[in-house]
Amino acid sequence: MSKRKPYVRELPIDWWLKNAFYTKYMIREGSSLFITLYSLILAWGVFRLSQGEAAFNAWMAALHHPFSIILHLIALALALYHTVTWFSLAPKAIALWIKGKRLPDKFIIAGHYGAFVVVSIFCLIIITL
Amino acid sequence: MNASTITIDILRYRPEMDEKPFTQSYEVPYSADLSVLESLQYIKDHLDSTVSFRWSCRMAICGSCGMMVNGVPKLGCKVFLRDYYPKKVTLAPLANFPIERDLVVVMDDFIDKLESVKPYLIPEKEKDLATGPHQQTPLQMEKFKQFSMCINCGLCYAACPQYALDKKFTGPAALALLARYNRDSRDNGEAERMKIVNQEEGVWGCTFVGYCSVVCPKDVDPAAAIQLLKVDSSKDYLIGMFKPD
Ligand code: SF4
Ligand code: FES
């Protein structure tokens, strides 16, 4: 009779805390929670705007609450973290071959930052005009 | 010379007598050029002949000696005691695989996955042997070569939390192998393989943790293979919307 009895280990619930690489990954994924919150607050503002000036001003005043400022600072930090880590991963999804050589990663990453700057300036112009 | 030693903890499991794995410590004479695999061989030869582990080539090419070294998937023959000394070294069987005995894991699921991706050339039409080999330029080979360097060690599966959470996920090495054939100019099997790629258990089971590519001892970069396949899969989907077959 076979003595085989393969043992299956359980995945501990805190698996993502046991290795810095996994923790960073979870922060990247977790950033979406705060970015969702940020978008909801923004959408709420648009909704308040549709209700007239008083409603919109009340929404603006609420944004000055320290709690709101802290929330936005966290969202900003996480959004930047997500952007930086995501851009550094971008070359993995892009295989561009030019004259028989694969375009080096640093060009793809630089391209992403370039586009990021251009789009940001464009948005700033729209907002301030 | 004052002989110093290093402590090696091994997660042991003997199916015929143990209910669950337990840790056993060994003291091994330290030398800077001793690999973890050699230290296991020392233990087996001099301290405890019952310890089980797999190995063959001792030069990072057979892919047999994968294990968790201080929690990180490594090839035992490619990692050295000097990387840890004077701290102790903790060895465990590869994560995410069932333990067969001590450091030996059951790899059947991994092998099945490698087989499932049709890892062979599917030419457009059978060629007569007399017409000679399929020709390929160095550039055409370059496009898939990296993904063909896999030694089937399974380290990437031990590194993949998505595989840990859902064993149905095709996983890094098998998808890299799939990409290797899809990108081969002599192959015409892409349409067949895209069915595997497009599934939830295919590339979309990957959330781009990226640790597989960090632990891979052969720089296969399976994470890149999967992301490239995601691009292919998206294209496939868009084309399918306009041109259903
Ligand atoms: S892709 Fe790398 S880590 Fe995964 S099985 Fe192949 S050689 Fe090992
Ligand atoms: S013994 Fe062959 S890869 Fe380590």
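**Exercise 1. Determine which element gives the largest share of the lining of the largest pocket.**

Solution. The model is predicted: local features need pLDDT of at least 70, side-chain atom pairs count only at pLDDT 80 or more, and totals for chains, interfaces and linings use all residues. Residues are numbered from 1 along each chain as its sequence is written, chains are lettered from A and ligands numbered from 1 in the order in which they are written, and side-chain values use heavy atoms, without hydrogens and water.

Step 1. A pocket is an open set of points on a 1 Å grid over the protein atoms alone, where a 1.4 Å probe fits, with protein on both sides within 12 Å along at least five of seven lines; lining residues have an atom within 4 Å of a point.

Step 2. The lining of the largest pocket comprises 30 residues, and Leu11(A), Pro12(A), Met68(B), Ala95(B) and Asn96(B) lie nearest its centre. In chain B, β4 (72-75), β5 (89-92), α4 (155-159) and α5 (161-165) each give two or more residues to this lining. Helices (H or I, at least four residues) and strands (E, at least two) are DSSP runs, numbered from the N terminus.

Step 3. The largest share, three residues, is that of β5(B).

**Exercise 2. Describe how chain A and chain B meet.**

Solution. Step 1. Counting heavy atoms within 4.5 Å as contact, 24 residues of chain A touch 42 residues of chain B.

Step 1. The two chains bury about 2,600 Å² between them, 62% of it on carbon and sulfur atoms; buried area is the accessible area (1.4 Å probe) that two parts lose on being put together, summed over both. On the side of chain A, Tyr7(A), Arg9(A) and Lys92(A) lose the most area to chain B, together 28% of what that side buries.

Step 2. Three salt bridges are found across this interface, each a side-chain nitrogen of Lys or Arg within 4 Å of a carboxyl oxygen of Asp or Glu. Lys5(A) and Glu19(B) form a salt bridge through their side chains (4.0 Å, N to O).
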